[in-house]
Amino acid sequence: MSIRATAGGRGVVMHVRCPDRLPEETFRQVLEELAGLSPVVQALPPTAALVDLRGALRYHGVDAHRLGEVLRIRTISRLGTDVRIGIGPSITIAATASAQVHLPGGVLAIAPEDVTGWLGPLPVEALHGIGPRQAAVLRDYGIHCVGLLAAVPPATVQRLLGGKAGRLAAGLAASIPARSSLGPCPPRRACLTASMSTLWTARPCAPPCSIWWSGSAPGCAAAARWPAP
């Protein structure tokens, strides 16, 4: 199963953000470290990646937060690079969490039972997948936090934003768990978010693991293979 297929499920997903303008070779080395933790890794160039932790947690015998700490220690000690790590039951939650980690790095793990209370007060811009333009439209209609977005029917969200952006935002709103139990929102506040496109993909395999690259990223071979550490 691909990592993307777990977006709406109850998996355990790690989203890793590297520093901006990270050299390509260092990004490859970070992905090698990820491959040492889990056999299912998806690269999100130029500076991010997804990791499916379900099998890795059983294999290593530790919880998700501890595995994130191990990764951060390894990237700092071996590569001199700190990372921001978000962990959650879906891609959206994990990516939203990693964006909330302050620079230079850290680990934020959101347990399934904590998702609703944690998401509700966040500004709508903080929800991974909502861009600045979509957030501006939602704020114009008084939807300034994730709790309010969760309370709006997905069909209404799609009508407000229209087109592909509306369908995406409606899907995100529909995927927020226990929507009716989200708490009230705080006053409006600013927050930055980033959207990423998948250019390279790591093909799932069993330990010991190798990552296969495909795509047209500058300076990257069409299919470069290297062993996991």
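1. Ground rules. This is a predicted model, so keep the cut-offs in mind: local features need pLDDT of at least 70, side-chain atom pairs count only at pLDDT 80 or more, and totals for chains, interfaces and linings use all residues. Residues are numbered from 1 along each chain as its sequence is written, and side-chain values use heavy atoms, with hydrogens and water left out.

2. Overall make-up. There are nine helices and seven strands in the protein; both are DSSP runs numbered from the N terminus, helices being H or I with at least four residues and strands E with at least two. Of the 229 residues, 48% are buried (under 20% relative accessible area; exposed is over 50%, partly exposed in between, with a 1.4 Å probe and protein chains only). Taking contacts (heavy atoms within 4.5 Å) with a separation of 6 or more, 57% come from residues 24 or more positions apart.

3. Five strands make an open sheet with mixed pairing, in the order 2-3-1-4-5; two strands pair if DSSP finds at least two bridges between them. Strand 2 (41-44) and strand 5 (106-109) each have a single partner strand, so one side of each has no neighbour in the sheet. From one strand to the next, the twist averages 15° (angles run from 0 to 180 degrees between N-to-C directions, with axes fitted to C-alpha atoms, for helices over the stretch in contact).

4. Pairing details. Strand 1 (residues 13-17) and strand 4 (residues 84-88) run antiparallel, joined by five bridges, and M14 sits opposite I87 there. Strand 2 and strand 3 are also paired in the antiparallel sense, over four bridges, with L50 as the bridge partner of Q42. A hairpin of three residues links strand 2 to strand 3.

5. Strand 2 side chains. In a regular strand the side chains alternate between the two faces of the sheet. Here V41 and A43 point one way, Q42 and L44 the other, and all are buried.

6. Helix 1 against helix 3. The two pack at about 140°, with axes 10 Å apart. That makes helix 1 oblique to helix 3 (under 35 degrees is roughly parallel, over 145 roughly antiparallel, 65 to 115 roughly perpendicular, and the rest oblique). The residues that meet include V30 and L34 in helix 1, and L71 and L79 in helix 3.

7. Most residues other than glycine have a negative phi, and most peptide bonds are trans. Which residues does a cis peptide bond with omega of about 10° join? They are P45 and P46, and P46 lies in the loop between strand 2 and strand 3. Another cis peptide bond joins L103 and P104, with omega about 5°; P104 belongs to the loop between helix 4 (91-100) and strand 5. R21, in the loop between strand 1 and helix 1, has a positive phi near 60° and is exposed, with a relative accessible area of 79%.
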